[in-house]
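Dear colleague,

I am handing over the structure we spoke about, with notes on what was found in it. Please have it open as you read.

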Amino acid sequence: MFEATVIKLLEGAFICRTAYPDLFSFLEDESTRRQVDGYLTQIGRRLAATSHGEAYYAAHRAVGPSERTEIRSLFKEVKHELRPVLGFLNLIMQAQRADRTLGTGDVIDFPKTLLHISENPHLGEMLRGFAALGKEFASSDASLRTLLDRLLQQMVKTGYLIPDRQGDRFEVTGKIDYFYEVVDFLAENEQAIREAQDQESEGETGRLF
């Protein structure tokens, strides 16, 4: 279990009770976390957890020039996902008539969600609008069923959802907790991020990380 956990962490996985229930339970033990963290320390990493403890992941212990490059790459990836994931969250919340954002372990029922979207022209237009965000959301079949399936499968691919065997129900993973933290960071540090990007465009070393 130790080896499997460390390998997943080094692969960049977010270990939560939804995506990796056995590994998550393994890490819930304090002595186990110390052992894993001790191993990661030897290779310049540390065991980190999201603010609500919904997921564990490997983070850099110290940030030098080489780590800055990797961290900037990660933030660019999340920023690339920003609009699609926020749009997805907004669509599902409205379709489910929910009064809170999706959290780890929440379930999306495909048939019920499709029905609610089909009954609401505004939600149908929101779903069709995802095609403008990239070819991965577009389809030659413009039916709402196909577009919703395409959207959910993309959320699976990027690690935010886990489907059941029938593909009718999707469970939200702990990566969503990390996403919320990154969104908050980007909002709170928007000016610093812009300044760092401006410096990079002028050929200087970024100062953000």
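Which residues form a nonpolar patch on the surface? Bearing in mind that this is a predicted model, the patch is made of L10, Y39 and I43, which together have about 260 Å² of accessible area. Of these residues, I43 lies in the loop between α3 (30-41) and β1 (45-49), and I43 counts as partly exposed because its relative accessibility is 40%, a value that falls between the 20% and 50% cut-offs.

The other findings concern aromatic rings, and the structure holds eight aromatic pairs. One of them is formed by F24 and Y56, a tilted pair with 5.6 Å from centre to centre and 45° between the planes. This pair links distant parts of the chain, since F24 is in helix α2 (residues 21-27) and Y56 is in strand β2 (residues 56-60), 32 residues apart; both F24 and Y56 are buried.

A further pair is that of Y160 and F179, whose ring centres are 5.8 Å apart and whose planes stand at 85°, so the pair is edge-to-face. It too links distant parts of the chain, with Y160 in the loop between α7 (144-157) and β4 (161-163) and F179 in helix α8 (residues 175-188), 19 residues apart. Y160 is buried, with a relative accessible area of 2%, and F179 counts as buried at 1% relative accessibility. The ring of Y160 also has the charged end of K175 sitting over it, 4.7 Å from the ring centre.

Finally, F14, Y57 and Y178 are linked into a cluster by ring pairs.

Conventions. Residues are numbered from 1 along each chain as its sequence is written. This is a predicted model: local features need pLDDT of at least 70, side-chain atom pairs count only at pLDDT 80 or more; totals for chains, interfaces and linings use all residues. Side-chain values use heavy atoms; hydrogens and water are left out. Patches are made of residues with over 30% relative accessible area and no salt bridge: like charges are joined within 9 Å, nonpolar side chains (Val, Leu, Ile, Met, Phe, Trp, Tyr) within 5 Å. Accessible areas come from the Shrake-Rupley method with a 1.4 Å probe; for residues, only the protein chains shown count as cover. A salt bridge is a side-chain nitrogen of Lys or Arg within 4 Å of a carboxyl oxygen of Asp or Glu. Helices (H or I, at least four residues) and strands (E, at least two) are DSSP runs, numbered from the N terminus. Buried means under 20% relative accessible area, exposed over 50%, partly exposed in between (1.4 Å probe, protein chains only). Rings of Phe, Tyr and Trp (its six-membered ring) pair if their centres lie within 6.5 Å; planes under 30 degrees apart count as stacked, over 60 as edge-to-face and the rest as tilted. A charge sits over a ring if NZ of Lys or CZ of Arg is within 6 Å of the ring centre and within 35 degrees of the ring normal.
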